[in-house]
Amino acid sequence: MHAPRSAPAPVRRSSRLPRGARRAQLLQAAQEVFVANGFHAAAMDEIADRAGVSKPVLYQHFPGKRELYLALLEQQVTLLTDRVREAMEGTDDNRTRVNGAVGAYFDFINADGAAFRLVFESDLNNDDDVRELADRGHRACVEAIGEVIAADTGLDRERALLLASGLTGLSETSARWWLPRKGTVSRDEAVALLTALAWRGISGFPRVEPGEGASR
(Lines give C-alpha, C1' and ligand atoms only; values in the text may rest on other atoms or scores of the structure.)
Protein backbone atom coordinates (compact mmCIF):
# COMPACT_ATOMS: atom_id res chain seq x y z
CA MET A 1 0.00 0.00 0.00
CA HIS A 2 2.28 2.76 1.24
CA ALA A 3 4.79 3.33 4.04
CA PRO A 4 3.31 2.90 7.54
CA ARG A 5 2.62 6.10 9.41
CA SER A 6 1.03 6.97 12.70
CA ALA A 7 -2.76 6.83 12.81
CA PRO A 8 -4.71 9.81 14.23
CA ALA A 9 -4.68 10.18 17.99
CA PRO A 10 -7.13 7.89 19.84
CA VAL A 11 -10.37 9.27 21.21
CA ARG A 12 -11.80 8.80 24.69
CA ARG A 13 -13.79 5.68 25.52
CA SER A 14 -17.27 6.11 24.12
CA SER A 15 -20.58 5.39 25.78
CA ARG A 16 -22.84 2.48 24.89
CA LEU A 17 -24.20 2.67 21.34
CA PRO A 18 -26.80 0.67 19.39
CA ARG A 19 -25.17 -2.23 17.58
CA GLY A 20 -25.45 -0.68 14.12
CA ALA A 21 -23.98 2.63 15.25
CA ARG A 22 -21.16 0.86 17.07
CA ARG A 23 -20.34 -1.21 14.00
CA ALA A 24 -20.20 1.94 11.86
CA GLN A 25 -17.91 3.57 14.43
CA LEU A 26 -15.58 0.58 14.45
CA LEU A 27 -15.44 0.45 10.66
CA GLN A 28 -14.54 4.12 10.53
CA ALA A 29 -11.74 3.63 13.04
CA ALA A 30 -10.53 0.56 11.15
CA GLN A 31 -10.51 2.51 7.89
CA GLU A 32 -8.26 5.17 9.41
CA VAL A 33 -5.81 2.61 10.75
CA PHE A 34 -5.77 0.31 7.70
CA VAL A 35 -5.31 3.21 5.29
CA ALA A 36 -2.54 4.68 7.41
CA ASN A 37 -0.62 1.46 8.10
CA GLY A 38 -1.84 -1.23 5.70
CA PHE A 39 -3.35 -4.53 6.80
CA HIS A 40 -0.20 -6.23 8.03
CA ALA A 41 1.04 -3.36 10.21
CA ALA A 42 -2.37 -2.51 11.65
CA ALA A 43 -3.19 -3.79 15.13
CA MET A 44 -6.56 -4.50 16.71
CA ASP A 45 -5.40 -2.69 19.85
CA GLU A 46 -4.82 0.43 17.79
CA ILE A 47 -8.23 0.16 16.12
CA ALA A 48 -9.99 -0.29 19.46
CA ASP A 49 -8.14 2.70 20.91
CA ARG A 50 -9.01 4.80 17.89
CA ALA A 51 -12.69 3.85 18.25
CA GLY A 52 -12.60 4.58 21.97
CA VAL A 53 -13.69 1.06 22.97
CA SER A 54 -12.11 -1.86 24.74
CA LYS A 55 -10.60 -4.65 22.70
CA PRO A 56 -13.29 -7.15 23.86
CA VAL A 57 -15.96 -4.81 22.49
CA LEU A 58 -14.18 -4.79 19.12
CA TYR A 59 -14.07 -8.60 19.12
CA GLN A 60 -17.79 -8.77 19.89
CA HIS A 61 -18.40 -7.28 16.45
CA PHE A 62 -15.49 -8.73 14.47
CA PRO A 63 -13.78 -12.00 15.43
CA GLY A 64 -10.43 -10.98 13.95
CA LYS A 65 -8.48 -8.42 11.96
CA ARG A 66 -9.08 -10.17 8.65
CA GLU A 67 -12.85 -10.27 9.18
CA LEU A 68 -12.81 -6.58 10.06
CA TYR A 69 -10.82 -5.79 6.93
CA LEU A 70 -13.22 -7.81 4.75
CA ALA A 71 -16.24 -6.02 6.24
CA LEU A 72 -14.65 -2.66 5.53
CA LEU A 73 -13.68 -3.69 2.01
CA GLU A 74 -17.21 -4.89 1.29
CA GLN A 75 -18.59 -1.57 2.56
CA GLN A 76 -16.37 0.40 0.20
CA VAL A 77 -16.94 -1.86 -2.80
CA THR A 78 -20.70 -1.52 -2.27
CA LEU A 79 -20.38 2.25 -2.06
CA LEU A 80 -18.61 2.47 -5.42
CA THR A 81 -20.99 0.01 -7.07
CA ASP A 82 -24.04 1.92 -5.82
CA ARG A 83 -22.63 5.18 -7.18
CA VAL A 84 -22.11 3.69 -10.62
CA ARG A 85 -25.57 2.12 -10.66
CA GLU A 86 -27.14 5.42 -9.63
CA ALA A 87 -25.35 7.12 -12.53
CA MET A 88 -26.85 4.59 -14.94
CA GLU A 89 -30.36 4.63 -13.49
CA GLY A 90 -30.72 8.33 -12.69
CA THR A 91 -31.19 9.55 -16.26
CA ASP A 92 -32.08 8.42 -19.79
CA ASP A 93 -29.45 10.70 -21.34
CA ASN A 94 -26.41 8.62 -22.15
CA ARG A 95 -23.85 11.43 -22.14
CA THR A 96 -25.06 12.28 -18.64
CA ARG A 97 -24.67 8.60 -17.77
CA VAL A 98 -21.06 8.58 -18.96
CA ASN A 99 -20.38 11.75 -16.99
CA GLY A 100 -21.97 10.16 -13.93
CA ALA A 101 -19.94 6.97 -14.25
CA VAL A 102 -16.67 8.88 -14.58
CA GLY A 103 -17.70 11.15 -11.73
CA ALA A 104 -18.52 8.17 -9.51
CA TYR A 105 -14.91 6.98 -9.70
CA PHE A 106 -13.50 10.46 -9.15
CA ASP A 107 -15.72 11.03 -6.11
CA PHE A 108 -14.94 7.62 -4.66
CA ILE A 109 -11.19 8.11 -5.05
CA ASN A 110 -11.33 11.72 -3.84
CA ALA A 111 -13.44 10.96 -0.75
CA ASP A 112 -12.12 11.85 2.70
CA GLY A 113 -10.20 9.03 4.32
CA ALA A 114 -8.68 7.57 1.14
CA ALA A 115 -10.65 4.32 1.55
CA PHE A 116 -10.20 3.71 -2.18
CA ARG A 117 -6.71 2.42 -1.32
CA LEU A 118 -8.32 -0.61 0.33
CA VAL A 119 -10.07 -1.45 -2.95
CA PHE A 120 -7.37 -0.60 -5.51
CA GLU A 121 -4.09 -0.72 -3.55
CA SER A 122 -4.59 -3.38 -0.88
CA ASP A 123 -1.55 -5.07 0.61
CA LEU A 124 -3.74 -8.16 1.11
CA ASN A 125 -4.39 -8.94 -2.55
CA ASN A 126 -2.96 -12.43 -2.10
CA ASP A 127 -6.00 -13.27 0.07
CA ASP A 128 -8.63 -15.07 -2.03
CA ASP A 129 -11.57 -13.40 -0.27
CA VAL A 130 -10.10 -9.93 -0.64
CA ARG A 131 -9.44 -10.50 -4.31
CA GLU A 132 -12.91 -11.98 -4.85
CA LEU A 133 -14.61 -9.00 -3.17
CA ALA A 134 -12.68 -6.48 -5.25
CA ASP A 135 -13.35 -8.46 -8.44
CA ARG A 136 -17.04 -8.74 -7.60
CA GLY A 137 -17.30 -4.98 -7.22
CA HIS A 138 -15.49 -4.41 -10.50
CA ARG A 139 -17.80 -6.84 -12.30
CA ALA A 140 -20.89 -5.17 -10.85
CA CYS A 141 -19.78 -1.75 -12.11
CA VAL A 142 -18.93 -3.13 -15.55
CA GLU A 143 -22.25 -4.96 -15.79
CA ALA A 144 -24.28 -1.90 -14.77
CA ILE A 145 -22.67 0.11 -17.57
CA GLY A 146 -22.64 -2.78 -20.02
CA GLU A 147 -26.39 -3.30 -19.74
CA VAL A 148 -26.99 0.29 -20.85
CA ILE A 149 -24.51 0.04 -23.71
CA ALA A 150 -26.10 -3.19 -24.94
CA ALA A 151 -29.61 -1.78 -24.76
CA ASP A 152 -28.63 1.39 -26.59
CA THR A 153 -26.38 0.00 -29.31
CA GLY A 154 -27.73 -3.50 -29.83
CA LEU A 155 -24.27 -4.95 -29.23
CA ASP A 156 -24.16 -8.42 -27.74
CA ARG A 157 -23.39 -8.84 -24.04
CA GLU A 158 -19.67 -9.63 -24.35
CA ARG A 159 -18.93 -6.66 -26.60
CA ALA A 160 -20.97 -4.31 -24.42
CA LEU A 161 -19.13 -5.52 -21.32
CA LEU A 162 -15.79 -5.02 -23.05
CA LEU A 163 -16.67 -1.39 -23.76
CA ALA A 164 -17.94 -0.95 -20.20
CA SER A 165 -14.69 -2.37 -18.84
CA GLY A 166 -12.83 0.20 -20.91
CA LEU A 167 -14.88 3.02 -19.39
CA THR A 168 -14.37 1.83 -15.80
CA GLY A 169 -10.66 1.33 -16.40
CA LEU A 170 -10.34 4.79 -17.93
CA SER A 171 -12.20 6.33 -15.00
CA GLU A 172 -10.29 4.54 -12.25
CA THR A 173 -6.82 5.03 -13.72
CA SER A 174 -7.43 8.68 -14.55
CA ALA A 175 -8.89 9.48 -11.13
CA ARG A 176 -5.93 7.90 -9.36
CA TRP A 177 -3.53 9.81 -11.60
CA TRP A 178 -5.43 13.05 -10.95
CA LEU A 179 -5.70 12.76 -7.15
CA PRO A 180 -2.19 13.97 -6.19
CA ARG A 181 -2.40 16.64 -8.91
CA LYS A 182 -5.91 17.93 -8.24
CA GLY A 183 -4.58 21.37 -7.36
CA THR A 184 -3.87 21.93 -11.06
CA VAL A 185 -7.14 20.60 -12.52
CA SER A 186 -10.48 20.80 -10.71
CA ARG A 187 -12.61 17.73 -10.18
CA ASP A 188 -15.34 19.03 -12.51
CA GLU A 189 -12.91 19.88 -15.30
CA ALA A 190 -11.18 16.52 -14.98
CA VAL A 191 -14.49 14.64 -15.16
CA ALA A 192 -15.60 16.75 -18.14
CA LEU A 193 -12.36 16.01 -20.00
CA LEU A 194 -12.62 12.27 -19.43
CA THR A 195 -16.33 12.31 -20.29
CA ALA A 196 -15.57 14.03 -23.60
CA LEU A 197 -12.90 11.44 -24.39
CA ALA A 198 -15.15 8.48 -23.59
CA TRP A 199 -18.25 9.94 -25.20
CA ARG A 200 -16.54 10.52 -28.53
CA GLY A 201 -15.93 6.79 -28.70
CA ILE A 202 -19.17 5.42 -27.27
CA SER A 203 -21.42 7.82 -29.18
CA GLY A 204 -19.95 6.56 -32.45
CA PHE A 205 -21.81 3.27 -32.13
CA PRO A 206 -25.11 3.25 -34.02
CA ARG A 207 -28.32 3.39 -32.04
CA VAL A 208 -30.90 0.66 -32.16
CA GLU A 209 -34.21 1.64 -33.70
CA PRO A 210 -36.80 3.27 -31.40
CA GLY A 211 -38.65 0.65 -29.45
CA GLU A 212 -35.74 -1.79 -29.57
CA GLY A 213 -33.65 -0.14 -26.85
CA ALA A 214 -32.90 3.05 -24.99
CA SER A 215 -32.20 6.12 -27.09
CA ARG A 216 -29.10 8.28 -26.66
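**Note on aromatic contacts in the predicted model**

1. The charged end of Arg181 sits over the ring of Trp177, 3.5 Å from the ring centre. A charge counts as over a ring if NZ of Lys or CZ of Arg is within 6 Å of the ring centre and within 35 degrees of the ring normal. Lys65 likewise lies over the face of Phe39, at 4.4 Å from the centre of that ring.

2. The model is predicted, so local features need pLDDT of at least 70 and side-chain atom pairs count only at pLDDT 80 or more, whereas totals for chains, interfaces and linings use all residues. Residues are numbered from 1 along each chain as its sequence is written, and side-chain values use heavy atoms, with hydrogens and water left out.

3. Rings of Phe, Tyr and Trp (its six-membered ring) pair if their centres lie within 6.5 Å; planes under 30 degrees apart count as stacked, over 60 as edge-to-face and the rest as tilted. By this rule there are five aromatic pairs. One of them joins Phe39 and Tyr69 edge-to-face, at 5.3 Å centre to centre with 80° between the planes. Phe39 belongs to helix α1 (residues 19–41) and Tyr69 to helix α4 (residues 65–89), so the pair ties together parts 30 residues apart in sequence. Helices are DSSP runs (H or I, at least four residues), numbered from the N terminus.

4. Both Phe39 and Tyr69 are buried, that is, under 20% relative accessible area (1.4 Å probe, protein chains only). Phe34, Phe39 and Tyr69 form one aromatic cluster.

Terms used: Helix = DSSP H or I, 4+ residues; strand = E, 2+ residues; numbered from the N terminus. Buried < 20%, exposed > 50% of the residue type's maximum accessible area, 1.4 Å probe, protein only.
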